[in-house]
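Please keep the sequence and the model in view while reading.

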Amino acid sequence: MDSLAAAPGTGPATSPLPVLRARRSNATFAALPTDRLVVMGILNCTPDSFSDGGDYDSTETAIAHGLRMFYGGADIIDVGGESTRPGSLEVDELEEQRRILPVISTLAKAGALISVDTRHASTAALALDAGAGLINDVSGARVHEDMIALIAQRAVPYVLMHSRGNSRSMDSLTQYTDVVDDVVRELGEVREKFYAAGVSPENLILDPGIGFSKNADQNWELLANLHRVADMGNKVLVGTSRKRFLGSLLTSAGKAAAPKERDDATSATTALAGTQGIWGVRVHDVGASLDAAKVAARLLVGNANRNARLAAARQTEPSCVDTQ
């Protein structure tokens, strides 16, 4: 583990800021695992995110938590400086950048692969300059032309998420003829804008936008049909972590489970996603979802082994030819 850093208060590092050890190489998108789901750890550098707002809203606490996720096996750290929970207010780009750029720079120096969660092309560009390797954008159909141009120019991976409206209006925009068909169609329409600008299919990752302009029943329908999004031909990222529909599912004594009580259910959705050809998940609890990803991968191997064995057996069976 000589490529990692030491978090504050652990081992020999007891200073307020992390002490970074030398690393062998930088993490890269191309080096991500291909034998299981990719696990993206969520790092909210915000005072108002729905699950952990305020927990990591200083540079020091954000870096420390990012390093903990990195040590814990997160393949990507997704750093965001603006809450996108329903009803949240938009953050000025300069404030967003103040919150996240020092964090991105430090975690990248530690060897982590960084995604930046932003709607703003200016923030995305600065984050890439600071060491990020991936852009994660919740804008959906409202994606700005500047963002499309940036992704084409920089030729970096980009998460295109399905959403309607903004954080204040999305809960009123849940009317679908069929949520699965409509999400696939609407994602495809926005995807064409990126293709037209010269973005390669390999650099586009699709996200069905669980919880964004969808109600609880629609979220479950999408989760049961993630293979439809995967059939579009791009990598697919899914984010269910600690969301409201899981809290409602886990209601006890008339009270929905609190966000931090939803991690077990989140890891269950990770396992379900892993059996449907999904590329990655975005989660708060990295360890639990890593375990779930390994279980899902092993289940797929078990099924493939059985199919191969049955196919081989059929090939060796004597043919029943009537010679009379």
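How many aromatic pairs does a search of the whole structure find? In this predicted model, the search finds three.

**Overall fold**

- The protein chain has 324 residues, 51% of them buried, and its secondary structure consists of ten helices and eight strands.
- Of the contacts between residues at least 6 apart in sequence, 67% join residues at least 24 apart.
- The chain has an accessible surface of about 15000 Å², and carbon and sulfur atoms account for 52% of this area.

**Nonpolar cores**

- The largest nonpolar core holds 67 residues, and the members touching the most others are L43, V79, L107 and F194.
- Helix α5 (residues 179-196) supplies the largest share of this core, with seven residues.
- Another core lies apart from it and comprises eleven residues, including F29, I76, L113 and V159.
- Beyond its neighbours within four places in sequence, L43 makes contact with a set of residues that includes Y56, H65, M69, I77, V103 and L107.

**Aromatic pairs**

- F29 and W279 form a tilted pair, because their ring centres are 5.7 Å apart and their planes stand at 40 degrees.
- This pair links distant parts of the chain, 250 residues apart: F29 belongs to the segment before β1 (38-44), and W279 to the loop between α9 (263-274) and β8 (280-283).
- W279 counts as buried because its relative accessibility is 12%, below the 20% limit.
- Y158 and F194 also form a tilted pair, with ring centres 4.7 Å apart and planes at 35 degrees.
- Y158 lies in strand β5 (residues 158-161) and F194 in helix α5, so their pairing ties together parts 36 residues apart in sequence.
- Y158 is buried, with a relative accessible area of 0%, and F194 likewise counts as buried at 0% relative accessibility.

**Around helix α8**

- T240 is placed in the loop between β7 (235-238) and α8.
- Is T240 buried or exposed? At 5% relative accessibility, T240 counts as buried.
- Leaving aside neighbours within four places in sequence, the contacts of T240 are I210, L223, F245, L246, T266, T269 and R282.
- L249 is located in helix α8 (residues 244-249).

Conventions. Residues numbered from 1 in each chain as written. Predicted model: local features only at pLDDT ≥ 70, side-chain atom pairs only at ≥ 80, totals over all residues. Heavy atoms only, no water. Helix = DSSP H or I, 4+ residues; strand = E, 2+ residues; numbered from the N terminus. Buried < 20%, exposed > 50% of the residue type's maximum accessible area, 1.4 Å probe, protein only. Contact = heavy atoms within 4.5 Å. Areas by Shrake-Rupley, 256 points an atom, 1.4 Å probe, with all protein chains shown as cover. Core = buried A, V, L, I, M, F, W, Y, C linked by side-chain atoms within 4.5 Å. Phe/Tyr/Trp six-rings, centres within 6.5 Å; stacked < 30°, edge-to-face > 60°.
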